[in-house]
Amino acid sequence: MAMVSEVENPAHKTTGAENSIPVATQDKMEPPQFLPSPGFSEWLEGTGGSLMLSTYQSGRLIFLYMVEGRLHVLDRVVGTAMGLAVDDDKLWVGNREQIWKFANTGPAVVDGRGYGAVYMPRKGYFVGPCDVHDIIADVTFMGERHDLVFASTSFSCIATLDEQHSFRPLWMPDFVSVLNAEDRCHLNGIGARDGRVAYATLCGRQDEALGWQAIRNGGGLVIDLDSGDVVADGLSMPHSPRWHHDRLWLLNSAAGEFGYIDPNRGGFVPVADCLGFARGLTFVGDYAVIGLSQLRPNSFGKGMALHDKLAVGHIQQRCGLQIIDLRTGRNVHWLTIAGPVTELYDVAFKPGIQRPYCPGFREPYMHQQRVHLPETRFEHPYRGKLQMLRTRPPEPAQQVPAGTEGNGAAPPLDE
């Protein structure tokens, strides 16, 4: 199965995070390679949508989609990309100190190729040392509606955006005594149910700076935010609580397990083993899409139960995706990512859009051209028509006649 990669390595920002690769350093690296299993591309094409990945330590936002039987990869650098939230008209990307909002400005033709959605950056929130992990858009919490709710892991709380302040805390575990940037319990995951924030995953019931790290094997728990009850404990660095098919699913990351919560059976029920440190979970019908990361080559990574589990089984850990059939619990498809990307954080699926595009924070010529206007009484040349966009100015001999750009019909997809 052929694959086309549209990869950039801009040197416009460094993350400064201990486990992150500065983007200036990435400029000198080979781009990542994407190695799908034999059935992955066919499966993705059959979904009728596209996948989005955040890569954390290498600061990338990656789009995966199919065009005429070929897997395409669009790669953009946006900082320490972590939590993702996507719907019909926008895409949110969280990182350690910022949260970015991208608007779906609709279809367009970029460099002669037709795209079903173009995500343009619209707004950035600087939330300080929050170490943003999971994010959820357009959700209620305790009866109040929010554009975005996020896990402020450093402050051990769930928070929302604020136009004046760094952030607005909404909830904190009752065993945490002070709102301080000390990552006391590593509150990393939040999950929604019926349009409201309903669950949180924590790596330990601790009330001291980085206290959770001493109990990363077996100290994790899941809290039902409506009742305040612990619905599962004894977990190892749980991540990504997601409600699907009337069950709460999650990743028992440091133990290398994917499963669900069943109160009648005593909490967490494993369904499948993970071939790496699992973070990021989304569902496509009867399939779970799981993000995998390599363990960090330090004492923290080697101290996880997953490290010994993989070693005993002679299993080579990998970075990439693992697709689980919920009906059988079998690993049916996978995607391996090689090169500078060794860690993923989140995975999102967008149905109905098979070919997305995003300039990220690069391609200034395209940013100057793209026009996205609301429906008003004012006539404009872009109404009801596809804009013809370029990522760079045309050569002098190929100048576009005045008045034509933005008014043409889309040519067929051309790869």
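Strands here are DSSP runs of E, at least two residues long, numbered from the N terminus. One caution: this is a predicted model.

Start with strand E3, residues 49-54, which contains Ser54. Is Ser54 buried or exposed? Its relative accessibility is 0%, so Ser54 counts as buried; the cut-off is under 20%. A polar atom of the Ser54 side chain lies 2.5 Å from the backbone oxygen of Met82. Leaving out residues up to four places away in sequence, Ser54 touches Arg60, Ala81, Met82, Leu84, Leu344, Tyr345 and Asp346.

Next, the sheet. Five strands make an open sheet, ordered E6-E7-E8-E11-E29, with mixed pairing. At the edges are E6 (84-86) and E29 (356-357), each pairing on one side only. Inside that order, E8 (residues 98-104) and E11 (residues 117-126) run antiparallel, joined by seven bridges. Lys101 stands opposite Lys123 in E11.

Now the rings. The whole structure holds 13 aromatic pairs. Take Phe102 and Phe361: their ring centres are 5.9 Å apart and their planes sit at 45°, so this pair is tilted. Phe102 is in strand E8, while Phe361 is in the loop between E29 and helix H5 (364-369). That is 259 residues apart, so to speak a link between distant parts of the chain. Phe102 is buried, at 0% relative accessibility. Phe361 is partly exposed, at 27%.

Last, charges over rings. The charged end of Arg247 sits over the ring of Tyr260, 3.8 Å from its centre. Arg355 lies over the face of Tyr115, 4.3 Å from the ring centre.

Definitions and conventions: Residues are numbered from 1 along each chain as its sequence is written. This is a predicted model: local features need pLDDT of at least 70, side-chain atom pairs count only at pLDDT 80 or more; totals for chains, interfaces and linings use all residues. Side-chain values use heavy atoms; hydrogens and water are left out. Two strands pair if DSSP finds at least two bridges between them. Helices (H or I, at least four residues) and strands (E, at least two) are DSSP runs, numbered from the N terminus. Buried means under 20% relative accessible area, exposed over 50%, partly exposed in between (1.4 Å probe, protein chains only). A polar contact is a pair of N or O atoms within 3.5 Å; within protein, one must be able to donate a hydrogen and the other to accept it, and residues adjacent in sequence count only if both atoms are side-chain atoms. Contact means heavy atoms within 4.5 Å. Rings of Phe, Tyr and Trp (its six-membered ring) pair if their centres lie within 6.5 Å; planes under 30 degrees apart count as stacked, over 60 as edge-to-face and the rest as tilted. A charge sits over a ring if NZ of Lys or CZ of Arg is within 6 Å of the ring centre and within 35 degrees of the ring normal.
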